[in-house]
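Q: I have not worked with this structure before. Could you take me through it?

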Amino acid sequence: MIHNIKNKNILVTGGTGQIGSFLVEELVKKNANVFVIGRNKKILKEINFLVKSKKVTFLECDLNNNAKIKKIKKILNEIDLLIHLSSELSEVKTNLIDNAHFSINLNINGTINLLPHLIKLKGIIYSSSTAVYGNTTEKKTNEDNATNPVSFYGCGKLGAEKYLNIFCNFNKIPLTILRYSSVYGPRNRTNQVIPVFIKKALKNKTITLYKKGKTVRDFIYISDIIDATIKVITNNHEGIFNIGSGDKTTMYQLAKKIIKLTNSKSKISFRESLDEINFVSDSKKAKIKLKFSTKINLDRGLLKEIEWHKNCNLIKK
């Protein structure tokens with residue numbers, strides 16, 4: 001793994017998304033030579049000003065298209081560090097098989113297509129997910145727990161982890177896998193629970209909960225995710241790390257918080273459906289080895305995301 005970010009050629013896949021855009025900004029501040037791969041320039045959003053000012057090089061390329069990858073081969077050949085974030089939680093297919101193909105293409109095929117061109121690579125940081133564990137019975141889940149994903153998203157993430165392990169072991173390339181808990185904060189355009197609840201609360205719409213709202217999740221704010229990812233580079237650690245808050249929040253508690261923080265008139269309704277996953281992350285390993293600790297609590301983080309959604313609505317109007 002590289003020790004110093006300054007002047008290093010760093011490739012970020014998924015660099016236009018929530019995590020990616022914030023991470024790209026931080027890497028630019030630390031004087032890295034940042035390259036971002038994306039499928040088209042229309043999705044640049046928050047990093048557009050960095051591309052226009054030539055502080056970031058945008059590589060328009062679909063990782064499932066080998067012909068397009070070959071066109072940027074010269075740049076890929078000079079990359080020192082790959083931060084592989086490519087993921088798409090906002091795009092869910094209605095057809096079950098389409099969902100499976102989408103996850104395989106994005107997480108596995110795209111990864112396999114990219115790796116052979118990174119011939120000077122000195123390290124990989126892979127953004128995985130606690131979805132690889134599935135529905136655990138533990139109060140808190142650590143990196144030694146069995147992986148048993150129950151979604152195509154989790155299967156795709158775990159599959160990519162396995163491929164990267166084989167590739168990195170064979171080529172003697174340092175690999176760090178970060179299994180993020182549920183990430184929230186500004187720029188969250190996904191259909192995950194927090195942005196869904198916030199949008200409903202801002203419109204005074206009913207928030208529907210399942211299993212009496214007792215499902216438990218672990219939420220981590222975006223700036224803490226960025227901090228953990230940067231610490232992997234500066235502390236030069238390989239291995240698998242859970243990155244979460246370690247705090248247990250029920251869906252009912254979350255809905256009540258959001259209703260209160262938005263001064264909403266939303267009501268809460270309950271339905272008996274959906275087999276929802278309970279999960280709380282044990283991130284002790286990251287705290288010890290990466291010197292990582294969360295800094296933003298849920299109430300403070302929710303206020304920041306609520307403000308972002310309000311501003312987005314004002315812009316649209």
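Predicted model: local features only at pLDDT ≥ 70, side-chain atom pairs only at ≥ 80, totals over all residues.

Q: How many disulfides turn up in the whole structure?
A: A search of the whole structure finds 0 disulfides. Cys 61 is in none, and the nearest cysteine sulfur, which belongs to Cys 168, is 20 Å away. As background, a disulfide is a covalent bond between the sulfur atoms of two cysteines.

Q: Changing topic: what is the strand order in the open sheet of 7 strands?
A: The order is 3-2-1-4-5-6-11, and the pairing is parallel. Strand 3 (56-60) and strand 11 (239-243) are the edge strands, each pairing on one side only. From one strand to the next, the twist averages 20°.

Q: How many bridges join strand 6 and strand 11?
A: Strand 6, residues 175-180, pairs with strand 11 in the parallel sense over 5 bridges. Within this pair, Thr 176 stands opposite Gly 239 of strand 11.

Q: Which strands does helix 1 touch?
A: Helix 1 (residues 18-29) packs on the sheet and touches strand 1 (9-13), strand 2 (33-38), strand 3, strand 4 (81-84) and strand 6. The direction of helix 1 makes about 160° with that of strand 2.

Q: What about helix 8, what does that touch?
A: Helix 8 (residues 222-235) also packs on the sheet, where it touches strand 4, strand 5 (123-129), strand 6 and strand 11. Its direction makes about 165° with that of strand 6.

Q: Which residues have the most contacts inside the largest nonpolar core?
A: They are Leu 27, Ile 83, Ile 243 and Leu 254, in a core of 58 residues. Helix 8 gives the most to this core, with 7 residues. Ile 83 has contacts with residues including Ile 10, Leu 23, Leu 27, Ile 125 and Ile 233, leaving aside residues up to four places away in sequence. Apart from this core lies another, of 23 residues, among them Ile 37, Leu 59, Ile 72 and Ile 177.

Q: Now strand 8: which residues point which way?
A: Ile 207 and Leu 209 point one way from strand 8 (residues 207-210), while Thr 208 and Tyr 210 point the other way; all are buried. In a regular strand, side chains alternate between the two faces of the sheet.

Q: In what sense does strand 8 pair with strand 13?
A: The two pair in the parallel sense over 4 bridges, with strand 13 spanning residues 268-271. Tyr 210 stands opposite Arg 271 in strand 13.

Q: Where is Thr 136?
A: Thr 136 is in the loop between strand 5 and helix 6 (152-171). Thr 136 counts as buried because its relative accessibility is 14%. Its side chain makes a polar contact of 2.9 Å with the side chain of Thr 141. Not counting residues up to four places away in sequence, Thr 136 touches Thr 141, Asn 278 and Phe 279.

Q: Last one: what is the phi of Lys 54, and of Lys 291?
A: Lys 54 has a positive phi of about 65° although it is not a glycine. Lys 54 sits in the loop between helix 2 (48-52) and strand 3, and is exposed, with a relative accessible area of 76%. Lys 291, likewise not a glycine, has a positive phi of about 60°. Lys 291 lies in the loop between helix 10 (284-289) and helix 11 (298-316), and is exposed at 58% relative accessible area.

Technical notes. Residues numbered from 1 in each chain as written. Heavy atoms only, no water. Pairing = 2+ DSSP bridges. Axes fitted to C-alpha atoms, helices over the stretch in contact; angles between N-to-C directions. Contact = heavy atoms within 4.5 Å. Buried < 20%, exposed > 50% of the residue type's maximum accessible area, 1.4 Å probe, protein only. Polar contact = N/O pair within 3.5 Å; in protein donor to acceptor, adjacent residues only side chain to side chain. Core = buried A, V, L, I, M, F, W, Y, C linked by side-chain atoms within 4.5 Å. Disulfide = S-S within 2.5 Å.
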